[in-house]
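Q: Walk me through how to read a few features here, please.

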Amino acid sequence: MIRVVMVDDDPLVRTGLGMIIGGDPDIEVVGEAADGEQGLTVIADTAPDVVLLDLRMPVRDGLSVLAELAERKDSPAVVVLTTFNTDAHVLQALGDRAAGFLLKDSEPSAIIAGIHAAHRGEPVLSPEVASTVIGAATRQAPVDRAVAEQAATLTDREREVAVLMARGRTNAEIAETLYLSVATVKANLTRIFDKLAVDNRVSAAMAVRDAGLLDQSD
């Protein structure tokens with residue numbers, strides 16, 4: 001059973017989340033709070049596996065809570081759940097070791113999947129947030145020679161897929177651009193992740209940037 005705490009100042013949001021989570025037999029809501037200060041107390045009292053954390057709250061905001069939790073040992077996985085997806089919020093939250101970032105208007109299935117993924121230790125990013133993070137992560141930076149050597153092992157096709165992925169394209173968009181099947185795109189991404197020694201799209205996008213592949217493709 002995955003133990004979850006919800007921290008959000010909107011009671012309607014907490015009620016809605018409770019209804020969504022209640023539909024999954026493997027998830028249990030063990031506590032909730034209306035602000036960050038209460039949230040820290042509830043988290044300490046209930047020792048949840050996953051926390052759904054709003055960013056903008058009275059008394060103490062979510063970013064402050066996340067920063068404190070990041071310094072604690074055995075802290076729960078935190079999925080930031082918000083209506084905001086600006087660069088600063090996303091990158092700061094991920095920098096403070098948030099397990100993921102979902103928008104509040106995500107589909108119920110995406111929220112459930114996000115909780116399960118966070119519990120497994122996997123990154124959780126809604127498509128909109130993934131585009132924001134990748135866009136910020138791939139801004140021009142000096143070439144990293146070590147990463148460039150890893151990227152040199154990519155085939156021409158893998159390099160094309162990697163560059164499009166780093167530009168924030170979805171698998172379907174990459175497939176359409178390169179006249180490939182989505183399954184073939186996924187297979188290429190698996191090989192790209194392996195060669196670049198990364199395990200998610202954001203890290204791969206940063207590696208593509210650091211290797212100078214984006215400049216080469218302009």
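Q: How exposed is R157, going by its relative accessible area?
A: R157 comes out at 34%, so it is partly exposed. Keep in mind that this is a predicted model, where local features need pLDDT of at least 70 and side-chain atom pairs count only at pLDDT 80 or more, while totals for chains, interfaces and linings use all residues. Residues are numbered from 1 along each chain as its sequence is written, and side-chain values use heavy atoms, with hydrogens and water left out.

Q: Which residue does R157 form a salt bridge with?
A: Side chains of opposite charge can pair when their charged atoms come close. The rule here wants a side-chain nitrogen of Lys or Arg within 4 Å of a carboxyl oxygen of Asp or Glu. For R157 the partner is E160, with the closest N and O atoms 2.7 Å apart. Both sit in helix α8 (residues 156–166), three residues apart, about one turn of the helix. Helices are DSSP runs of H or I with at least four residues, strands are runs of E with at least two, and both are numbered from the N terminus. E160 is partly exposed too, at 38%.

Q: And what does K195 pair with?
A: K195 forms a salt bridge with E158, again with closest N and O atoms 2.7 Å apart. K195 belongs to helix α10 (residues 182–196) and E158 to α8, so this pair ties together parts that are 37 residues apart in sequence. K195 is partly exposed at 27%, whereas E158 is buried at 2%.

Q: How many salt bridges are there by this rule?
A: Eleven. One of them joins D8 and K104, whose closest N and O atoms are 2.7 Å apart. D8 lies in the loop between β1 (2–7) and α1 (11–22), and K104 in the loop between β5 (100–103) and α5, 96 residues away. D8 is buried, with a relative accessible area of 2%; K104 is partly exposed at 24%. The pair also belongs to a salt-bridge network that links D8, D54 and K104.

Q: In what order do the strands sit in the sheet?
A: Strands count as paired if DSSP finds at least two bridges between them. Here six strands make an open, parallel sheet in the order β2-β1-β3-β4-β5-β6. The edges are β2 (27–33) and β6 (124–125), each with a single partner strand, so one side of each has no neighbour in the sheet.

Q: Which residues does T46 touch?
A: Contact means heavy atoms within 4.5 Å. Leaving out residues up to four places away in sequence, T46 touches R3, V5 and V30. T46 lies in helix α2 (residues 36–46) and counts as buried at 16% relative accessibility.

Terms used. Buried < 20%, exposed > 50% of the residue type's maximum accessible area, 1.4 Å probe, protein only.
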